[in-house]
Amino acid sequence: MTQRRRLALLAVPFALVGLTLPSPAAPAAVPPAEAITLQPGAAPPQPTAKRLKLRVLLDDSYPPYTFRTPTGELQGILPDLWALWSKRTGIAVELVGGEWGDVQRRFNAGEGDVLDTAFHTAERDRLYLFSAPYAKIEVPIIFDSSLSGIRDAASLRGFTVGVKDGDACIEFLGKQGIDSLKRYPSYEAMIAAAARSEIRVACIDRPPATYYLLRMGVENRFRASPPLYSGEFHWVVRQSDEDLRDMVTAGFYRISARERQHITEHWLGEPLLLSRLDEKIWQRIGLALLMATLIGGLLLVWVATLRRQVAAKTRDLTSALANLSANEFRFRTLFDSINDAIFLHDIETGRVQLTNRRAHDLFGYEQTQALTLADISAGPPPFDSETALHWIRETANGPQMLEWLARHRDGRTFWIEVDLRRVVLDDTGPQVLAVLRDITERKESEEKLTRTIDALTRSNTDLERFAYAASHDLREPLTTLVRYAQLLERRFGERDPQIGDLVGIIVTAAKQMMRLVEGLLEFSQVDAAGRGFTLVEANRALTVALGYLDIAIQESGATVTASPLPMVGADEIQLIQLFQNLIGNAIKYRDINRPLQIKISAQHDGDFWDFTIADNGIGIESAYLDQIFVIFKRLHSHGTIPGVGIGLALCKRIVERHGGQLWAESTPGIGTKFHFTLPAP
Ligand code: ADP
């Protein structure tokens, strides 16, 4: 706190009593001394002396008791008191101020009637008559704040102590053996000397010390010891002037306590907490201010740190936001470029929460238009929005895949495939992701295919019926033809051998035709109703087939080996037919240059049994491996190897009817291996 500020604070009490601070040099309102009564006696003395004028000598540098204005006028508590004394007594008072030592010398030389502001000393007691004390004054040592240990008179040894000329302190210190003194004519001069470090310790009454230190702005550079002693202010007269003492005393009795208080408060100010602040309090205030400054500083640092953190966080958030919008843009671009319509639904209400561009295009709505479940599920029941909501909710139990008849905004209906899945994308709970695909074209092709299959099935059935009817009905006339041709041969063959030959040709052709017709009949009967599957022992079917082929096997000298065959679900007669045809072909298309070997086996292959009939016959060119299964397709003329080209076609039909496949592997000159598969039971 600056000195000006402190003086301003100290000026408050003056303002309270209606006065202003006279000037910067005016006394500070420091209550430096304890005021005591001016009238010790109960009754006023009765003076006999009578005077017209009183000359009072006093120290003119003892604020706030007596000191001078900047223009040299005396002012303070004592001038005001003596003025009032004069007013009450009618006796003029001449105040003569000066340096204290000088003033005492002049008084002792008889220059004045009264000497004021005197403490008791032994010498003065001898010379003067003392009034009752009117103020109690503490006398401490003022010392430079860089010193320590100044507590009492003894601790002053080794220092040159500043004193005021004529001050009671000189006698006090002398008694304590302190005689290294530097004398100054006034307290003001002494404090000025201390301020310029001429002396570092000084003995001084507290009131003027406080005043001058503050006024010179050096109060922080000095400290005060505990009081060395306290003295009391008195006015004195010479020993011989007893009457004068009584007269002066009687005059002071005319001044009321209230008036004195008024004068004192005028110069000292009213007690104020601040005005009583001693060094310790100032230190505490300083410490508090320091703490406040420190806390303020820390707060500033903290605020700056917070600001930096906020700025960093803001930067992070801004960049995260930028990333987020970049991601959002990427997601949107990708999402909108997907060719399937995508909807995100609330799993409970079915409310549409997110859609991509294709979703709007598919149903013919603007991109900006929010879609509802009713918009996209406006088909006829059961393709209405209620049913759609049912399926959305059903997704909670597992994914759903539906074909759905949707309604376009323009009113037309079309087929979509809907893939519903439960997803959890955030903490708002599960949602349903619906992926919709337009399957109109597929549906149309399926319908077309179904229609074609229906037509084919119908035409196949018709053909089968025709083949059956034709072959069945042809057998009768063919049999008649053969019978009568043979009759003709018997009757006329012996007479004319040419007729015999011709009839022979007719019979052969008719028999071939008969085989064709039978083959055809057999072929058309493969799918005939009533031929169900049972669990069949393939071994037994093979044995039966080999029995039918017994003569051919013997004639060809074939060796047939078979590994154990499994049980299969089959039409037993057709399984026998299968073995019979395939083994019959192996015999028919054997290589006459080597003994025929036929091997039959079966292997488990996944859900099927893979049967093989392998021979070491003439083999088949690979180019014909597919053609041999076409009906009536033969690789050999009937003249070389007999046959009608129905056997393998029949076998293929039987195998496919059982849900299996038939194919051949072959190497010409080495042999052929036929495979057929049947489902494992
Ligand atoms: P077909 O035996 O009456 O001619 P298939 O339908 O049984 O009629 O056989 C068709 C053709 O396949 C035969 O003409 C023959 O050329 C060939 N083929 C069938 N089986 C064998 C085989 N094991 N080895 C060689 N060729 C065969």
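This section describes the secondary structure, strand pairing, aromatic contacts and disulfide of a predicted model.

The protein chain contains 20 helices and 27 strands. Of its 681 residues, 41% count as buried. The accessible surface of the protein chain amounts to about 36,900 Å², and carbon and sulfur atoms contribute 56% of this area. Among contacts in the protein chain with a separation of 6 or more, 66% are between residues 24 or more positions apart.

Strand S15 (residues 229-238) has eight of its ten residues buried and is therefore largely enclosed by the rest of the structure. Several strands pair with S15. Strand S7 (residues 114-118) is antiparallel to S15 and is joined to it by two bridges; here alanine 118 has histidine 234 as its bridge partner in S15. Strand S8 is likewise antiparallel to S15, with three bridges between them, and phenylalanine 130 is partnered by valine 236 of S15. Between S9 and S15 the pairing is antiparallel over five bridges. In this pairing, alanine 135 is opposite phenylalanine 233 of S15.

An open sheet of three strands is arranged in the order S3-S4-S5 with antiparallel pairing. Its edge strands, S3 (61-62) and S5 (74-75), each pair on one side only. Two bridges connect strand S4 (residues 66-68) with S5 in the antiparallel sense, and phenylalanine 67 is placed opposite glutamine 75 in S5.

Tryptophan 85 belongs to helix H3 (residues 77-89) and phenylalanine 252 to helix H9 (residues 242-253), so the pair ties together parts that are 167 residues apart in sequence. Both tryptophan 85 and phenylalanine 252 are buried.

Tyrosine 134 is located in the loop between strand S8 (128-130) and strand S9 (135-139), and phenylalanine 233 is in S15, so parts 99 residues apart in sequence are tied together. Tyrosine 134 is buried, its relative accessible area being 6%; for phenylalanine 233, also buried, the value is 1%. Tyrosine 134 and phenylalanine 233 belong to one aromatic cluster together with Tyr62, Tyr65, Phe119 and Tyr187.

Charged side chains also lie over aromatic rings. The charged end of lysine 443 is positioned over the ring of tryptophan 415, at 4.5 Å from its centre. Arginine 653 is found over the face of phenylalanine 523, with a distance of 4.9 Å to the ring centre.

The structure has one disulfide. This bond joins cysteine 169 to cysteine 203, with an S to S distance of 1.8 Å. The torsion about the S-S bond of cysteine 169 and cysteine 203 is about 115°, so the disulfide is right-handed. Cysteine 169 is in helix H6 (residues 168-175) and cysteine 203 in strand S13 (residues 201-203); the pair links distant parts of the chain, 34 residues apart. Cysteine 169 counts as buried at 0% relative accessibility, and cysteine 203 is buried with a relative accessible area of 0%. Elsewhere in the chain, cysteine 651 is buried, with a relative accessible area of 0%.

Leucine 156 is located in the loop between strand S10 (141-144) and strand S11 (161-164). Leucine 156 is buried, with a relative accessible area of 0%. When residues up to four places away in sequence are not counted, leucine 156 touches Ile141, Ile150, Val161, Leu173, Ile178 and Val201.

Note on methods
Residues are numbered from 1 along each chain as its sequence is written. This is a predicted model: local features need pLDDT of at least 70, side-chain atom pairs count only at pLDDT 80 or more; totals for chains, interfaces and linings use all residues. Side-chain values use heavy atoms; hydrogens and water are left out. Helices (H or I, at least four residues) and strands (E, at least two) are DSSP runs, numbered from the N terminus. Buried means under 20% relative accessible area, exposed over 50%, partly exposed in between (1.4 Å probe, protein chains only). Rings of Phe, Tyr and Trp (its six-membered ring) pair if their centres lie within 6.5 Å; planes under 30 degrees apart count as stacked, over 60 as edge-to-face and the rest as tilted. A charge sits over a ring if NZ of Lys or CZ of Arg is within 6 Å of the ring centre and within 35 degrees of the ring normal. A disulfide is a pair of cysteine sulfur atoms within 2.5 Å. Contact means heavy atoms within 4.5 Å. Accessible areas come from the Shrake-Rupley method with a 1.4 Å probe; for residues, only the protein chains shown count as cover. Two strands pair if DSSP finds at least two bridges between them.
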